[in-house]
Amino acid sequence: MYRIAVCDDEQADASYVEHFIKKWAQERAVMVQVELFPSAEAFLFRYEEDRTFDMLFLDIEMHAARAGAPDHADGMRESDESAARNGTSQSDESVDRNGTSQSGTPGHMNGIELALRIREREHDRAVQIVFVTGYMDYIEKGYDVEALHYLLKPVTQERLFGVLDRAAQRVRDRGRELCLQMPEGTARIPVSEIRYLEVQRNYVTIHGDEDYTVKRTLGELERGLDGRFFRTGRSYIVNLQFVKKITRSQIVLKDGAQIPLPRRAYEDINRAMIRYF
């Protein structure tokens, strides 16, 4: 079963997305549990207690986002009070009529700020964030929070189904592990934790939360990975979700690691990044 949250201060928009999610689940013969949240604070309050959500469909232009949104966004949203009053989230008990959580935090967080808060707390990047927005202006912000996709309003069934398929595949991949035979026994490494693999003579070091060195070929280990990994050449495989910057000579990861990049691989890894994100 997939647990999916829809966070939008427009009840009609949230219900519209929920309808297509349930239709997708019916056509794919999978089970889903969908919860609606009328504000970023309402979702964050719930998420602090329960972090088992697989996907989050998140409206960007909520509350304070309107003040900093492009001029053409003016008038697109109701007042905060109306949004909270019309919300029908299963977590309504954690939000009052003004969109204030029980913790007393005013309802002034927008979608980008919520995504940043989630990623600050979530080291494994488990929940798949999909931004839902009426404008293209915010798309560059998605790279900072590893958003899976942007859906432009009005959302169509075809586009939403495609995003749900990708998100579901990532959720399934999240459970994949590499099994390594070590001198002290078998080590099971979640693929999502692996930052990169590095060949050192006849050995390969897998750099994850811990480092593991085994006498295996890179090709053998590559078969246990998934589409988020890119092989730069004979000596390295990189997890794209940990990439911070790409130059023509190297890849810089978010932890500061620098991986040499053959010149011929520059265009290929950029295409891989576009496909992945």
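The legends below describe several close-up views of one predicted model.

The model is a predicted one, in which local features need pLDDT of at least 70 and side-chain atom pairs count only at pLDDT 80 or more, whereas totals for chains, interfaces and linings use all residues. Residues are numbered from 1 along each chain as its sequence is written, and side-chain values use heavy atoms, with hydrogens and water left out.

**View 1. The parallel sheet of five strands.** An open sheet of 5 strands with parallel pairing has the order β2-β1-β3-β4-β5, where strands (E, at least two residues) and helices (H or I, at least four residues) are DSSP runs numbered from the N terminus, and two strands pair if DSSP finds at least two bridges between them. The edge strands are β2 and β5 (149–152), each of which pairs on one side only. Neighbouring strands of this sheet are turned by 20° against each other on average, direction ignored; such angles run from 0 to 180 degrees between N-to-C directions, along axes that are lines fitted to C-alpha atoms, for helices over the stretch in contact. Within the sheet, β1 and β2 are joined in the parallel sense over 6 bridges, and Y2 has V32 in β2 as its bridge partner. Helix α1 packs on the sheet, where α1 touches β1, β2 and β3 and has a direction that makes about 175° with that of β2; contact here means heavy atoms within 4.5 Å.

**View 2. Helix α1 and its buried face.** Helix α1 (residues 11–28) has 18 residues, which at 1.5 Å a residue should span 26 Å, and its end C-alpha atoms are 26 Å apart, which agrees; the expected span is 1.5 Å times one less than the number of residues. The residues A14, V17, E18, F20, I21, W24 and A25 of α1 are buried, a term that means under 20% relative accessible area, while exposed means over 50% and partly exposed lies in between (1.4 Å probe, protein chains only). Seen down the axis of α1, the buried residues fall within an arc of 165°, so they line one face of the helix; the arc is that of the directions from the helix axis to the C-beta atoms. On the other side of α1, A12 and Q26 are exposed. The cover over the buried residues of α1 includes β1, β2, β3 (55–59) and α6 (157–174). Just after α1, A29 takes a positive phi of about 55°.

**View 3. Salt bridges around E35.** The side chains of R3, E35, R46 and D50 are linked in a network of salt bridges, a salt bridge being a side-chain nitrogen of Lys or Arg within 4 Å of a carboxyl oxygen of Asp or Glu. One of these pairs is E35 with R3, whose closest N and O atoms are 2.8 Å apart. This pair links distant parts of the chain, with E35 in strand β2 (residues 32–37) and R3 in strand β1 (residues 2–7), 32 residues apart. Both E35 and R3 are buried, and E35 has a relative accessibility of 0%. E35 also meets R46 in a salt bridge (2.8 Å, N to O). R46 lies in helix α2 (residues 40–49) and E35 in strand β2, so the pair ties together parts that are 11 residues apart in sequence. R46 is partly exposed, with a relative accessible area of 21%.

**View 4. A salt bridge within helix α8.** A search of the whole structure finds 18 salt bridges, and among them is the one between D268 and R271, whose closest N and O atoms are 2.4 Å apart. Both residues lie in helix α8 (residues 266–276), 3 residues apart, about one turn of the helix. An α-helix has 3.6 residues a turn, so residues three or four places apart point the same way. D268 counts as partly exposed at 34% relative accessibility, and R271 counts as partly exposed at 43%.

View 5. Strand β11 runs antiparallel to strand β12 (residues 236–239), to which 3 bridges join it, and F230 stands opposite V238 in β12. Strand β6 (residues 177–182) pairs with strand β7 (residues 185–190) in the antiparallel sense over 6 bridges, and β6 and β7 form a hairpin with 2 residues between them. In β7, P190 is the bridge partner of E177.
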